[in-house]
Amino acid sequence: MNARTTRTLAATLSLTAALAISGCSSDSDTKADGAKPKMTVSGAFMPEPVNDKMAGAFMVIKNDSKTADKLTGVTSPLSDDLQIHETKDQKMQQVASMDVPANGELNLERGGNHVMFMGLKNKPKVGDKVTVELRFEKADPVKVELDVKERTYNAQNSNAH
């Protein structure tokens, strides 16, 4: 081997080693920073339904992690058809998911985005509790108990105008 080949080989080996080391470092950094988001829920309630055809659910979903996530589904023993609804321009429509920003909140509130129960198996009364399970793209599922409130109830910390 001549000197030039030796230098090229040494540079290649050094570069390969540097990439391997930085790759390992990057993996561990990703695991530390990209940990699975953990969601918490507050203010969860359902106004007493008028009939057994439909009901709404409202709450604040908080993401304290550095990783954004999405609410992708909701299940409940009360209904086999739960939908995530977005409200835009005073029109509601079903969506497949809703963003839960990193270090942020997803507010599900009257007059805004919410969860919709279609075809209730029974009609809950004021004082009852309704269990739901929120499902996310990345975070583990979260079980939530909705307090059934009066039909006119609105959360006090609501940002709705």
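Two strands pair if DSSP finds at least two bridges between them, and strands here are DSSP runs (E, at least two residues) numbered from the N terminus. The model is predicted, so to speak of local features takes a pLDDT of at least 70 and side-chain atom pairs count only at pLDDT 80 or more, while totals for chains, interfaces and linings use all residues. Residues are numbered from 1 along each chain as its sequence is written, and side-chain values use heavy atoms, with hydrogens and water left out.

**View A. Strand S3 has partners in S6 and S9.** Take S3 (residues 69-75) and S6 (residues 98-100): they pair in the antiparallel sense over three bridges. Look for Lys70, whose bridge partner in S6 is Asp99. S3 also pairs with S9 (residues 129-136), again in the antiparallel sense, over four bridges. There, Gly73 stands opposite Arg135 of S9.

**View B. Strand S4 is joined to S5 and to S8.** S4 (residues 81-88) runs antiparallel to S8 (residues 114-118), and five bridges join them. Leu82 stands opposite Phe117 in S8. Five bridges also join S4 to S5 (residues 91-95), and these two strands run antiparallel as well. Glu86 has Gln93 of S5 as its bridge partner. At the turn end of this hairpin, two residues sit between S4 and S5, and Asp89 takes a positive phi near 50°.

**View C. His85 sits in strand S4.**

**View D. Phe45, Phe58 and Tyr153 are linked into a cluster by ring pairs.** Rings of Phe, Tyr and Trp (its six-membered ring) pair if their centres lie within 6.5 Å; planes under 30 degrees apart count as stacked, over 60 as edge-to-face and the rest as tilted. How many aromatic pairs does the structure hold? There are two. The rings of Phe45 and Phe58 have centres 5.3 Å apart and planes at 35°, so this pair is tilted. Phe45 belongs to S1 (residues 39-47) and Phe58 to S2 (residues 54-63), so the pair ties together parts 13 residues apart in sequence. Phe45 is buried, with a relative accessible area of 3%, and Phe58 is buried too, at 9%.

**View E. Tyr153 meets Phe45 edge-to-face.** The centres of the Phe45 and Tyr153 rings are 4.8 Å apart and the planes at 85°, so the pair is edge-to-face. Phe45 is in S1 and Tyr153 in the segment after S10 (142-149), so this pair ties together parts 108 residues apart in sequence. Tyr153 is partly exposed, with a relative accessible area of 26%. Lys149 lies over the face of Tyr153, at 5.0 Å from the ring centre. A charge sits over a ring if NZ of Lys or CZ of Arg is within 6 Å of the ring centre and within 35 degrees of the ring normal.

How values were computed:
Buried means under 20% relative accessible area, exposed over 50%, partly exposed in between (1.4 Å probe, protein chains only).
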